[in-house]
Amino acid sequence: MAAALMSGDGANAAASPAVFLQACRRQRVPYTPVWIMRQAGRYLPEYRELRAKVDFVTLTHSAELAAEVTLQPVRRYALDAAILFSDIMTPLQGMGIELEFDPGPLVRQPIRTLEQVEALAPLVPARDVPFVTEAIRLVRAAAPRGVPLIGFAGAPFTLACYLICGRPSKEFEAARAFLYAQPQTAERLLDHLADQMATYLAAQAAAGAQALMLFESWAGLLGTGEYRRFAWRAARRTFAALRSLDVPLIYYANQATALLEPIAELDVDVVGVDWRSPLGAVRRMLGPGKAVQGNLDPAALFAPPAELNRHIDAVLDEAGSAPGHIFNLGHGIWPDTSPDAVARMIDHVHEQSARARGASAS
Ligand code: CP3
């Protein structure tokens, strides 16, 4: 099966390429679509081979190479969506932020003052990120099986975490302290980021991205009051600016079990969650108007094959038979994951979900 899928033939060739987009819109689909957060990346031998020759920033700033890396996983596997190869921090360089990657983002001058916030430039996509929109056009022209392309940005609060702290962190103490010490400045920063990310995502949609996703990786660090005042308000502002576009909007929130009530109020099509919350409970909290995305623990890919299947079945069972589930991991795939385990996961999601639909129809 894997060999057939690598060439783009086999089980999936007959399937509708729009299954992912239909599931985003909570339409009935013949099987559960699947893609993987960080699917273009270091667990893939072909990515590592390229990365040995080219540094990460060069990869993201070259339209041809970014398109190639975006396509690597969808050529190898029967994935139902591609995600643009880039980073949440990449567009911030256009706003005057000096940035390096080692491997996570390092901001040369962390943002701590109102003057710095006021000095941030607006993002002009044609000037600042032409390689992103060009990569999107290249991917759309070359995508195997007509696989749809997801464009993305960092959610404002998650970007602010890196901008304020200057580097990856477990607790992002400086960013959280900033919310309490300088709340008005924090709101200014978040509003600015919300508006620039709306501009950035709209440019991605105009270039051909067929769904738009905000990554809210660190909102789970906040209590509900701070989440609402800062992260939620800013994410809502970005989504409101995009709602009139004809593309599904996806909000991924990590460690957000305690935040599902405000998240249910966001005007988005899909909510992605980590593995800590069972999807059945998530769907009850979000109500019938939203699709869900997730949520296998990335660690489950290290289970023996039969066990892995059991864990996948548990996610599918939790998601239930109502339309509107996109299978994914609960957070990014780990670099030391076996590429074979990924192939088995994708095949099993497709086969098991198609079988379950057949059983309920007869
Ligand atoms: O998902 C994909 O395949 C598309 C590409 C993508 C990358 N980063 C490439 C990348 C996406 C969607 C991201 C999003 C991103 N970046 C997030 C949100 C999602 C999440 O995981 O929570 C965050 C928080 C970042 C910030 C970031 N960039 C970190 C913390 C790191 C280093 C650690 C890590 O996980 O790799 C990066 C660097 C980065 N971004 C790499 C890749 C492939 C590794 C760079 C390398 O090859 O050395």
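These legends describe close-up views of a predicted model. Local features are given at pLDDT of at least 70 and side-chain atom pairs only at pLDDT 80 or more, while totals for chains, interfaces and linings use all residues. Residues are numbered from 1 along each chain as its sequence is written, and side-chain values use heavy atoms, with hydrogens and water left out.

**View 1**
The ligand sits in the largest pocket. A pocket here is an open set of points on a 1 Å grid over the protein atoms alone, where a 1.4 Å probe fits, with protein on both sides within 12 Å along at least five of seven lines. A molecule sits in a pocket if more than half of its atoms lie within 2 Å of its grid points. Around the ligand are 21 residues, each with a heavy atom within 4 Å of it. The closest are R42, Y47, D87, S217 and H331.

**View 1. Ligand oxygen atoms and polar side chains.**
Polar contacts are pairs of N or O atoms within 3.5 Å; within protein, one must be able to donate a hydrogen and the other to accept it, and residues adjacent in sequence count only if both atoms are side-chain atoms. The side chain of S217 has an N or O atom 2.5 Å from an oxygen atom of the ligand. For H331, a polar side-chain atom lies 2.6 Å from a ligand oxygen atom. For R51, the distance from a side-chain N or O atom to a ligand oxygen atom is 2.8 Å. On its own the ligand has 870 Å² of accessible area, and the protein covers 90% of that. Such areas come from the Shrake-Rupley method with a 1.4 Å probe.

**View 2. Q39 in a loop.**
Q39 is found in the loop between α2 (19-24) and α3 (45-53). Helices (H or I, at least four residues) and strands (E, at least two) are DSSP runs, numbered from the N terminus. Q39 counts as buried because its relative accessibility is 0%. Buried means under 20% relative accessible area (1.4 Å probe, protein chains only). The Q39 side chain reaches the backbone oxygen of A81 at 3.0 Å. Leaving aside neighbours within four places in sequence, Q39 is in contact with L44, P73, V74, L79, A81, A82 and I83. Contact means heavy atoms within 4.5 Å.

**View 3. Helix α9.**
Helix α9 spans residues 156-165, and ten of its ten residues are buried, so the helix is largely enclosed by the rest of the structure. Among them are P156, F157, Y162 and C165. The buried residues pack against several elements, including β4 (149-154), α11 (183-207) and α12 (224-242). After α9 comes G166, with a positive phi near 90°.

**View 4. S62 between two helices.**
S62 lies in the loop between α4 (56-61) and α5 (63-76). Its relative accessibility is 17%, so S62 counts as buried. The side chain of S62 reaches the backbone nitrogen of L65 at 3.0 Å.

H348 counts as buried because its relative accessibility is 12%. H350 is buried because its value is 8%. Leaving aside neighbours within four places in sequence, H348 is in contact with N309, I312, D313 and S353. The side chains of H350 and D80 are joined by a polar contact of 2.6 Å.

Terms used:
Buried < 20%, exposed > 50% of the residue type's maximum accessible area, 1.4 Å probe, protein only. 1 Å grid on protein atoms, 1.4 Å probe; cavity = no way out; pocket = protein on both sides within 12 Å on 5 of 7 lines; lining within 4 Å.
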